[in-house]
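Dear colleague,

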Amino acid sequence: DFKLTPQIMELAKLDLQTNKSRLTDYYAMQFKDFNEDFADYITRVTMHAHFKESKVSSDDIAFFAPELISWKRNFIISGNYLGTVDNFTVTNLSASSGAGTNINGLLHMKGLPDINRTNISFTNGTLQTNYYDLGVLIPVMKGVSSPNLAALGKIIYRGNFNGTIQNFVTTGNFSTQLGGIKTNISLHLPDKGDPSYTGDIETIRFNMGKFLNDTLMGLVDFKGKITGSNFTVDKLKTTLEGKISSLTYHNYTYTKIITNGTFQKRYFNGEIKINDPNLDFTSTVEIDLSKELPRFNILGDLVHSNLYSLNLLKNSKDSLELTGLLDVNFTGTNIDNFLGTAKFLNAAIKSGTTKLSFDSLNLTSSYTDSIKYLHLGSNDFDATILGKFSILGLPSSFQSFLSRYYPSYIKPLKSIPKNQQ
């Protein structure tokens, strides 16, 4: 039904079709002077619309906002629209695009046709999307493989958004295939230069290992402040200050961690305090994850540690506890691929019921022409081992050696350790 007066043009029971879009079922335009207002349609003509499962092509929207010409997306939209092109509100909004993205909530936009300067307010909203669709809407995210944004899978966001598509604040909850995230973060996504972000963040059982493509790392529960730039690991610079209630690394879940440090690329430098049942430790730490084996530079006070429980020792029936002031610089993930130096002051080592105390204890491990060099020294002794051997297999090798000469006293092993030369 069509109605035209000097102040309104109304299309009730609307069914408007273009080559790529179809709008239903009510649309009206209000104006004071037809000729003058339509000459400045974007700012002076007020539109009232009730859309019911309308199909809208981004190509048609690009007529008013040319920046959208590259989107090439179709949207199914329902809701109540009131306002001009450059300043409008949509209540009861429901929109979807493809099989992966849909949005519901209250939307207000001011600033079209310049989409990059348009302020967007989205409140009490729900957004479901994925990395591939986000790459269309936010081009700076395209091609990012580290961190692994695609591993997030289906992303569901519930909360509020305020700002432009390049400079905004988001407050709400994310649910992903890797875990949950709560945010109150300001993000800046420029056309050129590094994206930046600052605010509060909380992760809930978030699989940081899959996100960072690190097979040794697992789930992380973190709550604190974050400030940084870039999303690509090779350019990442992020400062974290807060509490880690749990972090899984090397198949052990650490608890009660307080941290204040900076991740830059695959490098961490900061202060850490750990009050875990198997590790009581306060230190300054440098961790380099850029190579095949991680490198650690640690200076701190080790009040208590159980290396076996922390999965730093393998194939050991007895716990190995270590305490003392330490200064270590090494690469490796366990005692067998340890390469570097470790210095302990006021140190104590306890294995089972045996305890040894030292004023100082120095450990050095290195390779020369495939020959392993291991030196352990203190004020009371010096010991050096050279050869091709596994440190974890030394006790078994020693037992096998003695059983040859004292078979009546030492029982032979069922299997002889290999590569112990």
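Strands β8 and β9 pair in the antiparallel sense over nine bridges. Two strands are said to pair if DSSP finds at least two bridges between them. Helices (H or I, at least four residues) and strands (E, at least two) are DSSP runs, numbered from the N terminus.

Please note that this is a predicted model, in which local features need pLDDT of at least 70 and side-chain atom pairs count only at pLDDT 80 or more, whereas totals for chains, interfaces and linings use all residues. Residues are numbered from 1 along each chain as its sequence is written, and side-chain values use heavy atoms, with hydrogens and water left out.

Leu-82 stands opposite Thr-89 in β8. The strands β7 and β8 also form a hairpin, with three residues between them.

**The chain as a whole**

The secondary structure comes to six helices and 25 strands. The chain has 421 residues, of which 42% count as buried; buried means under 20% relative accessible area, exposed over 50%, and partly exposed in between (1.4 Å probe, protein chains only). The accessible surface of the chain comes to about 23,900 Å², and carbon and sulfur atoms account for 55% of that surface. Accessible areas come from the Shrake-Rupley method with a 1.4 Å probe; for residues, only the protein chains shown count as cover. Among the contacts in the chain with a separation of 6 or more, 38% are between residues 24 or more positions apart. Contact here means heavy atoms within 4.5 Å.

**The loop between β9 and β10**

Which residues are joined by a cis peptide bond with omega of about 20 degrees? They are Leu-112 and Pro-113. Pro-113 is found in the loop between β9 (101-110) and β10 (119-129).

Thr-118 also has its place in the loop between β9 and β10. With a relative accessible area of 0%, Thr-118 is buried. The side chain of Thr-118 reaches the backbone nitrogen of Leu-112 at 3.1 Å. This is a polar contact, that is, a pair of N or O atoms within 3.5 Å; within protein, one must be able to donate a hydrogen and the other to accept it, and residues adjacent in sequence count only if both atoms are side-chain atoms. Not counting residues up to four places away in sequence, Thr-118 touches Met-109, Lys-110, Gly-111, Leu-112, Gly-163 and Thr-164.

**Backbone geometry elsewhere**

A cis peptide bond joins Thr-24 and Asp-25, with omega about 10 degrees. Asp-25 is found in strand β5 (residues 25-30).

Phi is positive, near 50 degrees, at Glu-53, a residue other than glycine. Glu-53 has its place in strand β6 (residues 46-57) and counts as exposed at 63% relative accessibility. Arg-205, which is not a glycine, has a positive phi of about 45 degrees. Arg-205 is found in strand β14 (residues 196-207) and is exposed, with a relative accessible area of 55%.

Strand β19 (residues 279-288) pairs with strand β20 (residues 295-305) in the antiparallel sense over ten bridges. Ser-283 has Gly-300 in β20 as its bridge partner, and a hairpin joins β19 to β20 through six residues. β20 in turn pairs in the antiparallel sense with strand β21 (residues 320-331), over eight bridges. Here Asp-301 has Leu-325 in β21 as its bridge partner.

Is Ala-342 buried or exposed? At 4% relative accessibility, Ala-342 counts as buried. Ala-342 lies in strand β22 (residues 339-351). The C-alpha atoms of Ala-342 and Asn-329 are separated by 6.4 Å, the two residues being 13 residues apart along the chain. Leaving aside neighbours within four places in sequence, Ala-342 is in contact with Asp-327, Val-328, Leu-361, Asn-362 and Leu-363.

Yours sincerely
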